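Biologist: I would like to learn how to read a predicted model, feature by feature, with the general idea first and the case at hand second. Could we go through one together?

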Amino acid sequence: MLSIDAEHTVYACVVEFIDKAKVGALLGSWMLNYFGPGVHAAPINIELQDFLCDIMKHCLPRVTISSGYRTPRHNTEISGADQSGHTMGMACDLSGPPDDLEWIMEKCLKEKVPGLMIHDTFIHVDFLPRSFIRDLRKNAAGEAGGIMGKPAAGEARPPLNEGGGGGKSPGKRRRKNGAR
Ligand SMILES: [Zn+2]
């Protein structure tokens with residue numbers, strides 16, 4: 001049975017569908033990396049699209065989309081988080097040189113992007129309102145999971161992982177370290 005998590009029903013996010021065949025001329029060929037394997041048309045949140053276009057003006061060709069839209073099946077195959085923003089056109093992962101990723105992180109904080117997860121080799125940018133800012137890079141002791149900064153909108157958001165639902169389903173498989 002289909003159910004809606006009450007925690008998420010207050011949100012409305014504008015998403016449009018983009019066609020892989022048309023994307024090069026409209027947005028630049030870098031956007032082709034947004035489409036997962038076998039995907040020819042994909043949803044993308046308009047704010048995410050604007051954000052990516054802005055980033056690529058400054059960071060091409062150094063920065064690439066290492067993971068964009070994923071079908072639910074593909075997301076499961078790679079052990080992505082349940083209800084990942086990647087499956088809704090709300091999130092993407094960006095890879096590139098540390099200086100560029102640092103610049104993107106600062107931009108995320110300045111523009112109050114709802115979700116930013118910093119991994120060792122890439123950053124996950126998420127426009128789902130339930131997202132949060134988290135630094136998952138390992139420190140010298142090999143530990144990860146520090147919270148970086150405050151919730152973007154200045155609200156006291158609970159530290160949800162990208163699995164969504166705030167841990168209400170203890171029986172479900174859930175990634176411990178958040179988004180990917
Ligand atoms: Zn991700």
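Biologist: Where does Lys112 lie, and is Lys112 buried or exposed?

Modeller: A residue is buried if 20 or more other C-beta atoms lie within 10 Å of its own, exposed if 12 or fewer, and partly exposed in between, with C-beta atoms placed from the backbone. Lys112 lies in the loop between helix 4 and strand 5, and because there are 11 other C-beta atoms within 10 Å, Lys112 is exposed. Ser79, in the loop between helix 3 (72-77) and strand 4, also is not a glycine and has a positive phi, of about 60 degrees; with 9 C-beta neighbours inside 10 Å, Ser79 counts as exposed.

Biologist: How should I read the length and the sides of a helix?

Modeller: The expected span of a helix is 1.5 Å times one less than its number of residues. For helix 4 (residues 98-110), the 13 residues should span 18 Å, which agrees with end C-alpha atoms that are 18 Å apart. As for its sides, Leu101, Ile104, Met105 and Cys108 are buried. These residues cover an arc of only 105 degrees around the axis, and therefore lie on the same side of helix 4; the arc is that of the directions from the helix axis to the C-beta atoms. The face turned away from that buried side carries Asp99, Glu102, Glu106 and Lys110, which are exposed.

Biologist: What covers the buried residues of helix 4?

Modeller: Two residues are in contact if their C-beta atoms, placed from the backbone, lie within 7 Å. The cover of the buried residues of helix 4 includes helix 2 (46-59), strand 4 (91-95), strand 5 (115-118) and strand 6 (123-126). Helix 1 (residues 20-27) is another case to read: of its 8 residues, the number buried is 0, so helix 1 lies largely in the open.

Biologist: How is a strand read, and which residues of strand 5 are buried?

Modeller: In a regular strand the side chains alternate between the two faces of the sheet. Strand 5 is covered on both faces, with Gly115 and Met117 buried on one side and Leu116 and Ile118 buried on the other. Two strands pair if DSSP finds at least two bridges between them. Strand 5 runs antiparallel to strand 6, joined by 4 bridges, and Ile118 stands opposite Ile123 in strand 6. With strand 7 (residues 133-135), strand 5 pairs in the parallel sense over 3 bridges, and here Met117 stands opposite Arg134.

Biologist: Which residues have the most contacts inside the largest nonpolar core?

Modeller: A nonpolar core is a set of buried Ala, Val, Leu, Ile, Met, Phe, Trp, Tyr and Cys residues joined through C-beta atoms within 7 Å. The largest has 32 residues, and those with the most contacts inside it are Tyr34, Cys92, Leu94, Leu116, Ile123 and Val125. Two or more residues each come from strand 2 (41-45), helix 2, strand 4, helix 4, strand 5 and strand 6. Among the residues that Val125 touches, not counting those up to four places away in sequence, are Phe51, Cys92, Cys108 and Leu116.

Biologist: How far should I trust the coordinates?

Modeller: Where pLDDT is low, the predicted coordinates should not be read in detail. pLDDT is the predictor's confidence in each residue, from 0 to 100; the protein averages 80, and 72% of the residues score at least 70. Among the elements, strand 4 has the highest mean pLDDT (97) and strand 8 (residues 146-147) the lowest (53). Over residues 149-177 pLDDT stays under 50, and for these the model has 45 contacts beyond four places in sequence.

Definitions and conventions:
Residues numbered from 1 in each chain as written.
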